[in-house]
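This report is for a reader meeting the structure for the first time.

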Amino acid sequence: MVALAQPALADPRLSETALSEAFARTAALYERVRRVVPPADWAFFAEDAEAILRLKRERNAVILAHNYQTPEIFHCVADIVGDSLALAREAMRVDADVIVLAGVYFMAETAKLLNPSKTVLIPDQGAGCSLADSITAEDVRLMRQAYPGLPVIAYVNTSAAVKAEVDVCCTSGNAARIVKSFGVPKVIMLPDQYLAKNVAAETGVEIISWAGQCEVHERFTAQDVRELRLANPGVTVLVHPECPPEVVAEADFAGSTAAMSDYVGQKRPPRVVLLTECSMSDNVAVNYPDIDFVRPCNLCPHMKKITLANIRKALEGNLHEVTIAADVADRARASVERMLAL
């Protein structure tokens, strides 16, 4: 954290006096995150946070932020926060002219699918996803040819072009329900092979999967869990279902980011570890100061491309508007709406 105080990372437009004044004006805002964001960091966040709040009012804009966003975004400027399913649901209820998606590109596409008449911005077009990048629309068409007649389910971590080729979408939070809703013994589920294996074990449905994986969650191992338990006696281990099945088998609970957050709030374990993206623990810890969070995690390089500075620039310049070809959008929207209907 100390590195953030180096002059090279400061906004060159701001003097020390301006930074100090911005810090003072945003003291109430900083109070929300002071347990996880050092004052030296907030000194450089304050001016952008203040500007974003003003720009949202001026442009009738809202910010949707995924659970993996850093605390200064998640707790200080976002209007709607949550996992992929929550953001997809809430995007349909947004009463604003502009939506800024603080997350990765497929999430911004989903927001656009559900709000075709609104302006949807993503602060960095390079905020991708290893899962979304692992499969194309042509790949889906070939899978249909190889397994004719099987329902095809796409994880929301896919492009709009892929969503347009499938029967329905799912998230990690509703995947098992979506799979069981077809009432058949075998389905195709793309592109996360580990989520598919975990859902197959939960539902008893045979799942034909794709060889995709999340670059954050695939790196966790069963040995990691065992070592955590040895080093932290009594720790409760929560994992994401994008982790390999042997990791899920070692955990106390597996669920979406929303489900993990709910578990912490309902069960209130004295000591807990969330085996997922790094910012998740910080964001949950803000709400539960009495719980000890053990923090081994893996960083998502794509999520971390979103910053207060580029959220501000997106709002100031209407930068990086998300557009989807009409023929693709209509079919992709239908697969997302089927998911939401379930």
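The largest nonpolar core has 96 residues, and those that touch the most other members are Trp42, Leu64, Met189, Val264, Phe293, Ile311 and Met339. The model is a predicted one. Setting aside neighbours within four places in sequence, Ile311 is in contact with Ile52, Ile63, Ile73, Val100, Ala102, Pro123 and Ile306.

**Sheet and helices**

An open sheet is formed by four strands in the order 2-1-3-4, with parallel pairing. Strand 2 (80-82) and strand 4 (119-121) are the edge strands, each pairing on one side only. From one strand to the next, the twist averages 20°. Strands of a sheet pair through backbone hydrogen bonds, either parallel or antiparallel.

Within this sheet, five bridges connect strand 1 (residues 61-66) with strand 3 (residues 98-102) in the parallel sense. Ile63 has Val100 in strand 3 as its bridge partner. Both Ile63 and Val100 are also among the contacts of Ile311.

Helix 3 (residues 39-59) is one of them, and runs at about 130° to strand 1. Helix 15 also lies across strand 1, strand 3 and strand 4, and its angle to strand 3 is about 160°.

Together with helix 10 (residues 193-203), strands 7 and 8 make a right-handed β-α-β unit.

**Salt bridges**

How many salt bridges does the structure hold? There are 20. Side chains of opposite charge can pair when their charged atoms come close.

| Pair | N to O distance |
|---|---|
| Asp290 and Arg268 | 3.2 Å |
| Arg271 and Asp292 | 2.7 Å |
| Arg312 and Glu316 | 3.0 Å |

Asp290 forms a salt bridge with Arg268. Asp290 lies in the loop between helix 14 (278-285) and strand 12 (292-294), and Arg268 in the loop between helix 13 (257-267) and strand 11 (271-275), so the pair ties together parts that are 22 residues apart in sequence. Asp290 counts as exposed because its relative accessibility is 52%, over the 50% cut-off. Arg268, at 39%, is partly exposed.

Arg271 pairs with Asp292 in another salt bridge. This pair links distant parts of the chain, with Arg271 in strand 11 and Asp292 in strand 12, 21 residues apart. Arg271 is partly exposed at 29% relative accessible area, and Asp292 is partly exposed at 32%.

Arg312 and Glu316 both lie in helix 15 (residues 308-317), four residues apart, or about one turn of the helix. Is Arg312 buried or exposed? Arg312 is buried, because its relative accessible area is 7%, under the 20% cut-off. Glu316 counts as partly exposed at 43%. Arg312 and Glu316 also belong to a network of salt bridges that includes Glu47 and Asp48.

Terms used. Residues are numbered from 1 along each chain as its sequence is written. This is a predicted model: local features need pLDDT of at least 70, side-chain atom pairs count only at pLDDT 80 or more; totals for chains, interfaces and linings use all residues. Side-chain values use heavy atoms; hydrogens and water are left out. A crossover is right-handed if, with the strands pointing away from the viewer, the path from the first strand over the helix to the second runs clockwise. Helices (H or I, at least four residues) and strands (E, at least two) are DSSP runs, numbered from the N terminus. A salt bridge is a side-chain nitrogen of Lys or Arg within 4 Å of a carboxyl oxygen of Asp or Glu. Buried means under 20% relative accessible area, exposed over 50%, partly exposed in between (1.4 Å probe, protein chains only). A nonpolar core is a set of buried Ala, Val, Leu, Ile, Met, Phe, Trp, Tyr and Cys residues joined through side-chain atoms within 4.5 Å. Contact means heavy atoms within 4.5 Å. Two strands pair if DSSP finds at least two bridges between them. Axes are lines fitted to C-alpha atoms, for helices over the stretch in contact, and angles run from 0 to 180 degrees between N-to-C directions.
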